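This note is meant for a colleague who is opening the structure for the first time. Please read the numbered points with the sequence and the model side by side.

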Amino acid sequence: MSEKLRVGILGATGMVGQRFISLLENHPWFEVVTLAASPRSAGKTYEEAVGGRWKITTPMPEAVKKLVVMNVNEVEKVAASVDFVFSAVDMSKDEIRAIEEAYAKTETPVVSNNSAHRWTPDVPMVVPEINVEQFAVIADQKKRLGTIRGFIAVKPNCSIQSYAPALAAWREFEPYEVVATTYQAISGAGKTFKDWPEMVENVIPFISGEEEKSEQEPLRILGEVKDGVIVKAEEPKITCQCIRVPVLNGHTAAVFVKFRKKPTKEQLIEKLVNFSGYPQEKKLPSAPAQFIRYMEEDNRPQVQADVNYENGMGVSIGRLREDSIYDFKFVGLSHNTIRGAAGGAVLCAESLKSLGYIQKKEQ
């Protein structure tokens with residue numbers, strides 16, 4: 001057990017924090033030893049602090065129930081107990097940027113689920129199958145922060161996971177124009193139907209800030225490191241609408257694509273099913289064996305049948321067909337709180353450990 005890296009979770013009582021705890025139970029590399037949350041939860045056991053607000057379908061792990069929650073604002077005290085932290089704090093963006101940098105400056109790596117640092121030029125925003133090479137910018141970030149081992153890395157928004165992997169798989173065909181509509185689950189807002197009864201049998205055609213993220217974040221993932229910062233790709237140009245739908249888990253996307261180099265449907269499917277990256281090469285603990293699968297059935301992917309593909313870490317694509325205005329259209333599905341949130345961050349941390357960026361602190 002002592003060989004495992006000691007992990008802290010910032011924002012441990014929220015839905016994403018709970019998902020981190022659930023996913024890290026019995027993890028072969030990481031052990032949750034510290035839970036931190038707002039001052040109102042500090043001093044209580046985790047079980048007491050969460051109370052009846054445990055939102056994950058699997059039971060709360062026994063190992064965390066009696067852990068005493070620490071005050072997330074006591075940065076030095078929390079950092080002293082861990083090798084690195086996952087961040088899922090619920091604060092303003094300015095507060096998140098400040099507290100994540102404060103943790104990094106204690107020489108504690110921060111792997112964040114939050115959006116606050118996604119456009120900080122020297123903070124890598126990574127889907128490990130797509131752009132693990134962007135971790136190289138961490139060296140420049142450390143110079144800015146004045147750290148030796150402390151840094152911040154983030155995962156992208158949950159809404160793009162259902163279609164950005166397909167665009168990455170198809171890069172050689174040069175997709176240059178994309179129209180996407182995402183149908184997003186309520187857990188993306190940290191809610192259940194019990195919390196949000198007005199979402200039952202309802203659709204809300206607005207999610208604050210989501211369309212901008214959905215249009216711009218894929219370009220950063222497809223970008224490159226230049227002169228110590230990440231420069232986003234110029235294409236494809238993406239326009240997006242984001243709609244909240246009465247689904248608990250699973251973001252679906254309906255997507256239209258134009259390509260400069262005209263592929264066949266068969267070529268596109270072949271690129272999807274054979275697309276893999278660093279997590280598959282290194283067989284990382286949370287890596288899906290097959291990142292993207294293609295489904296031939298006309299009525300797939302479906303949330304109820306397919307959202308848990310590869311334990312929620314895989315992406316399902318279906319209904320790929322030629323379009324009368326664009327070249328092709330398709331439907332994608334990903335699990336928003338696993339691949340799109342905590343699971344994606346865990347896979348980032350596994351990649352960072354495998355690459356030597358996260359190591360045990362000297363005791």
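1. Lys261 counts as partly exposed, at 44% relative accessibility; in this note, buried means under 20% relative accessible area, exposed over 50%, and partly exposed in between (1.4 Å probe, protein chains only). Lys261 is found in the loop between S11 and H10, where helices (H or I, at least four residues) and strands (E, at least two) are DSSP runs numbered from the N terminus.

2. The model is a predicted one, in which local features need pLDDT of at least 70 and side-chain atom pairs count only at pLDDT 80 or more, while totals for chains, interfaces and linings use all residues. Residues are numbered from 1 along each chain as its sequence is written, and side-chain values use heavy atoms, with hydrogens and water left out.

3. What does Lys261 touch, leaving aside its neighbours within four places in sequence? Lys261 is in contact with Glu172, Phe173 and Glu174, contact being heavy atoms within 4.5 Å. The C-alpha atoms of Lys261 and Phe173 are 4.8 Å apart in space, although the two are 88 residues apart in sequence.

4. The side chains of Lys261 and Glu174 meet in a salt bridge of 3.4 Å, N to O; the term requires a side-chain nitrogen of Lys or Arg within 4 Å of a carboxyl oxygen of Asp or Glu. Lys261 lies in the loop between strand S11 (251–259) and helix H10 (265–273) and Glu174 in the loop between helix H8 (164–169) and S7, so this pair ties together parts that are 87 residues apart in sequence. Glu174 is partly exposed, at 31% relative accessibility.

5. Salt bridges that share partners also join Arg293, Glu297, Arg300 and Asp306 into one network. How many salt bridges does a search of the whole structure find? The search finds 21. In general, side chains of opposite charge can pair when their charged atoms come close.

6. Another salt bridge is formed by Asp195 and Lys55 (3.2 Å, N to O). Asp195 belongs to the loop between strand S7 (175–184) and helix H9 (210–221), and Lys55 to the loop between helix H2 (46–50) and helix H3 (62–65), so parts that are 140 residues apart in sequence are tied together. Asp195 is partly exposed, with a relative accessible area of 36%, and Lys55 is partly exposed at 29%.

7. Asp122 and Arg144 also meet in a salt bridge, at 2.6 Å, N to O. The pair ties together parts that are 22 residues apart in sequence, because Asp122 lies in the loop between strand S5 (110–112) and helix H6 (128–131) and Arg144 in helix H7 (residues 138–145). Asp122 counts as buried at 7% relative accessibility, whereas Arg144 is partly exposed at 41%.

8. The structure holds 14 aromatic pairs. For this term, rings of Phe, Tyr and Trp (its six-membered ring) have centres within 6.5 Å, and planes under 30 degrees apart count as stacked, over 60 as edge-to-face and the rest as tilted. One of the pairs is Phe30 with Phe84, edge-to-face at 5.1 Å centre to centre and 70 degrees between the planes. Phe30 lies in strand S2 (residues 30–37) and Phe84 in strand S4 (residues 84–87), so the pair ties together parts that are 54 residues apart in sequence. Phe30 is buried at 1% relative accessibility, and Phe84 is buried at 0%.

9. Phe173 and Phe259 form an edge-to-face pair, with 6.5 Å between centres and 90 degrees between planes. Since Phe173 lies in the loop between H8 and S7 and Phe259 in strand S11, the pair ties together parts that are 86 residues apart in sequence. Phe173 is buried at 8%, and Phe259 is buried at 0%. Elsewhere, ring pairs link Phe20, Trp29, Phe30, Phe84 and Phe86 into a cluster.

10. Is strand S1 enclosed or open? All 6 of the 6 residues of S1 (residues 5–10) are buried, so the strand is largely enclosed by the rest of the structure. Leu5, Val7 and Ile9 point one way from S1, and Arg6, Gly8 and Leu10 the other way. S1 and S2 run parallel and are joined by 6 bridges, where pairing of two strands requires at least two DSSP bridges between them. Gly8 stands opposite Thr34 in S2.
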